[in-house]
Amino acid sequence: MTDQQAAEIEWSLLEQPELGIVAEVPRVLLIDADADAVLVLTALLVPENQVCVADTRAAALSLLQQDSFALVVLDPAVPDPDAETEGLADVPPPDLLALVRQHHGEAPLLLYSARAPHTIVGARGLTYLAKPWSTPRQLWHAISELLGSGAVLRSAAGAGKENSALV
């Protein structure tokens, strides 16, 4: 079973069409090359959220151009291996935070980085957690705040009637 198949099964657990309940699952984009951080964040977010992961700048840009997300969790130090293989390692990469803002707009953004926030251009006013010192509880709290109260449950019988709840 692939990771995508496992995630689809977990997301389907939120929906109970036989009871007239459909869950709108927020889509979260994790832009991080640190496999351990991605594992922790994914464990915190699934199944309440649909998680997409980009471990390079190119993958992040591709996902941002294709889809919209309720939240982006970003480590601005994500590498750009294409620049290295093309002999452009000495050329500064495009500002990843600016690229995210360009394609993601003003939707919520969490900086999760080992870099101090004052060293990240454009970080002022954004939610920031220090990697790896933030606890899973701090991550969950910050993400919950940025996403709101959780997934929105919509009753099929009461068309348009919405109730917020943590699922």
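Analyst: Buried means under 20% relative accessible area, exposed means over 50%, and partly exposed lies in between (1.4 Å probe, protein chains only). The model is predicted: local features need pLDDT of at least 70, side-chain atom pairs count only at pLDDT 80 or more, and totals for chains, interfaces and linings use all residues. Residues are numbered from 1 along each chain as its sequence is written, and side-chain values use heavy atoms, with hydrogens and water left out.

User: Why does Asp-75 count as buried?

Analyst: Asp-75 has a relative accessibility of 9%. The limit is under 20%, so Asp-75 counts as buried. Asp-75 lies in the loop between β4 and α4 (81-85); helices (H or I, at least four residues) and strands (E, at least two) are DSSP runs, numbered from the N terminus.

User: What does Asp-75 touch beyond its sequence neighbours?

Analyst: With residues up to four places away in sequence not counted, Asp-75 touches Ile-31, Asp-32, Leu-96, Tyr-112, Ser-113 and Lys-131. A contact requires heavy atoms within 4.5 Å.

User: Why is Lys-131 called buried, and where is Lys-131 placed?

Analyst: The relative accessible area of Lys-131 is 6%, so Lys-131 is buried. Its place is in the loop between β6 and α6. Lys-131 and Asp-75 are 56 residues apart in sequence, and their C-alpha atoms are 8.9 Å apart. Neighbours within four places aside, Lys-131 is in contact with Asp-32, Asp-34, Ala-37, Asp-75, Tyr-112, Ser-113 and Ala-114.

User: What makes a group of residues a nonpolar core, and how many residues does the largest one have?

Analyst: A nonpolar core is a set of buried Ala, Val, Leu, Ile, Met, Phe, Trp, Tyr and Cys residues joined through side-chain atoms within 4.5 Å. The largest such core has 19 residues, and Leu-29, Ile-31, Val-72 and Leu-74 have the most contacts inside it. Two or more residues each come from β2 (27-31), β3 (50-54), α3 (57-66), β4 (71-74), α5 (96-104) and β5 (109-113). A second, separate core of 16 residues includes Leu-30, Val-51, Val-73 and Tyr-112.

User: Why does Leu-63 count as buried, and what does Leu-63 touch?

Analyst: Leu-63 has a relative accessibility of 18% and therefore counts as buried. Leu-63 lies in helix α3 and, residues up to four places away not counted, touches Leu-29, Cys-52, Val-53, Ala-54 and Phe-69. Leu-63 and Val-53 are 10 residues apart in sequence and 8.8 Å apart between C-alpha atoms.

User: Why are α2 and α6 called oblique?

Analyst: Their axes come within 10 Å and cross at roughly 55°. Axes are lines fitted to C-alpha atoms, for helices over the stretch in contact, and angles run from 0 to 180 degrees between N-to-C directions. Angles under 35 degrees count as roughly parallel, over 145 as roughly antiparallel, 65 to 115 as roughly perpendicular and the rest as oblique. α2 and α6 are therefore oblique to each other. The contact is made by Val-40, Leu-41, Leu-44 and Leu-45 of α2 with Pro-136, Leu-139, Trp-140 and Ile-143 of α6. By class, this contact has 8 nonpolar, no polar and no charged residues.

User: Why are α3 and α5 described as roughly parallel?

Analyst: α3 and α5 pack at about 10°, with axes 9 Å apart, and are therefore roughly parallel. The contact is made by Arg-57, Leu-61, Leu-64 and Gln-65 of α3 and by Leu-96, Leu-99, Val-100, His-103 and His-104 of α5. These residues divide into 5 nonpolar, 3 polar and 1 charged, where Ala, Val, Leu, Ile, Met, Phe, Trp, Tyr, Cys and Pro count as nonpolar, Asp, Glu, Lys and Arg as charged, and the others, Gly among them, as polar.

User: How many helices and strands does the chain have, and what share of its residues is buried?

Analyst: The chain has 6 helices and 8 strands. Buried residues make up 34% of its 167 residues.
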